Every structure is written in C-alpha cells, then in structure tokens.
Amino acid sequence: MPLDDWPEADRPRERLYFNGPTALADAELLALQLGSGTRGKDAVEVAREMLAAYGSLAGVAGREVSELARRPGVGRAKAARLAAAFELTRRLPREVYAAFGPLMEDLSREVFRVALLDAQNGLLRDLIVSEGTLSASLVHPREVFKPAILESAASVILLHNHPSGDPTPSREDVRLTRQLVECAHLLDLRVHDHVIVGRGRYTSLAERGII
C-alpha cells in the first residue's frame with residue numbers, strides 16, 4: 001500500500017509534521033527520502049530491507065550512490081536523493097567545527113556550549129552552559145534549554161571539547177546526549193547535533209547515529 005493510502009495518523013510525513021522527526025523510526029525517516037516503494041512493497045519496507053542489509057543509517061550513508069541505485073525499489077533518482085540528504089548531514093558538522101573548533105580545541109578545561117538556531121537554521125546566539133574540570137563538566141538540561149526558550153529558538157546544536165585532544169565520545173557523552181534529545185523533544189525543540197571538539201578533529205554524534 002502506498003504511504004499516502006495509510007491511515008493519516010500512521011503516515012510518517014504527518015507524524016513528523018505534528019510530532020517532530022524524533023518520533024519516527026530510522027526506516028520511516030529513510031522512507032520519506034525514498035518517497036515511494038516498488039511493486040508489492042511500500043517505501044518503509046524497502047527502507048527496512050536497506051537497514052537490514054547495511055546494518056544502520058550510517059551503513060546506508062556509507063555506500064556509493066551506484067550501489068544504492070541497484071537495490072530493488074531504489075533506482076538512480078532515489079539513490080541521488082539519498083546521497084544528497086546524507087551529504088547535507090555531513091556538511092553541517094564540518095561547518096560547526098569550522099566555526100567553533102578554533103574557540104574550543106585548545107582549552108585546558110572541558111566546556112559545554114550550545115548554539116541556538118532560528119527556524120531557518122540561522123544562528124541566534126551561542127553561549128557557554130558550563131565549564132568543568134580537566135576531565136568532565138556538569139550539564140543540566142535546565143541550563144541547556146532555558147536560553148533556547150527565552151530566545152524562541154527552533155533548534156540547537158550542542159558542543160563540548162575534550163582537553164585530551166581525542167574527540168571520541170565517552171559513555172557519559174552518549175548518555176547525556178540521549179537525555180538532552182529526549183528533553184528537547186518534550187519542549188518541541190530539535191537537537192541537530194552534538195559535536196565533540198578535539199585537537200584538529202571532531203566527532204559528530206549525529207553522524208554516529210546517536211541523535
């Protein structure tokens with residue numbers, strides 16, 4: 001059954017519109033990029049098969065566009081659409097790092113910063129939420145999202161540095177990120193990414209599939 005023939009409350013597009021993108025499963029988000037399926041399979045089924053074949057969204061994103069085009073139900077046009085969407089997600093963290101990396105990569109203490117964005121993803125302002133010890137900072141959702149509410153921000157980007165220079169996320173980084181994403185959803189805010197700044201390099205938790 002085409003997605004447009006699903007009950008309205010179950011359609012991924014309508015659920016995203018009314019509940020935000022975090023309400024959708026990976027297969028549903030992928031299906032929205034595909035737009036349609038193939039004979040006997042809707043877009044969500046095709047997306048589920050892709051995720052099963054490649055293991056995750058990151059696995060799909062890592063494939064060559066020509067390989068994606070050969071999958072049943074995809075083809076060249078849909079593969080190009082997917083490749084463009086994945087490239088956009090890769091460019092955002094690079095731009096964030098280019099803007100904030102020079103401010104954060106040589107700090108001796110861990111600093112947690114939040115960038116507040118408007119509905120067009122323009123920067124409203126950025127601020128430091130907390131400054132910690134050499135190895136950790138204390139971050140509370142209240143301090144992260146209160147400025148976003150006051151500024152009427154539509155979305156945020158989270159950043160913090162690792163004074164060691166290694167931007168590999170710790171378990172605590174992952175736990176905190178997931179907690180903040182859940183809180184943001186309750187406030188109808190979107191967390192685009194959490195970028196960990198190292199020395200000369202960075203890690204995007206969105207690229208890792210954590211957001």
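Me: Which residue's side chain meets E131 in a salt bridge?
Reply: R109 does, with N and O 3.4 Å apart. A salt bridge here is a side-chain nitrogen of Lys or Arg within 4 Å of a carboxyl oxygen of Asp or Glu. E131 is in strand β2 and R109 in the loop between α6 and β1, so the pair ties together parts 22 residues apart in sequence. Helices (H or I, at least four residues) and strands (E, at least two) are DSSP runs, numbered from the N terminus.

Me: And what kind of model is this?
Reply: A predicted one, where local features need pLDDT of at least 70, side-chain atom pairs count only at pLDDT 80 or more, and totals for chains, interfaces and linings use all residues. Residues are numbered from 1 along each chain as its sequence is written, and side-chain values use heavy atoms, leaving out hydrogens and water.

Me: OK, how many salt bridges are there in the whole structure?
Reply: The search finds 13. One of them joins the side chains of R15 and E28, at 2.4 Å from N to O. R15 sits in helix α1 (residues 12–19) and E28 in helix α2 (residues 26–34), so this pair links parts 13 residues apart in sequence.

Me: Is R15 buried or exposed?
Reply: Buried, at 19% relative accessible area; the cut-offs are under 20% for buried, over 50% for exposed, and partly exposed in between (1.4 Å probe, protein chains only). E28 is buried too, at 13%.

Me: Which residues are linked with R91 in a network of salt bridges?
Reply: E87 and R94. The closest N and O atoms of E87 and R94 are 3.3 Å apart. E87 is partly exposed at 23% relative accessibility, and R94 is partly exposed at 41%.

Me: Switching to the sheet: what's the strand order?
Reply: β2-β1-β3-β4-β5, an open sheet with mixed pairing; strands pair if DSSP finds at least two bridges between them. The edge strands are β2 (123–131) and β5 (202–204). The twist averages 20° from one strand to the next, with axes being lines fitted to C-alpha atoms (for helices, over the stretch in contact) and angles running from 0 to 180 degrees between N-to-C directions.

Me: Which helix packs on it and touches β1, β2, β3, β4 and β5?
Reply: α6 (residues 75–104), where contact means heavy atoms within 4.5 Å. The direction of α6 makes about 50° with that of β3. Helix α8 (residues 171–186) lies across β1, β3 and β4, at about 160° to β4.

Me: How many bridges join β1 to β2?
Reply: Seven, and the two strands run antiparallel.
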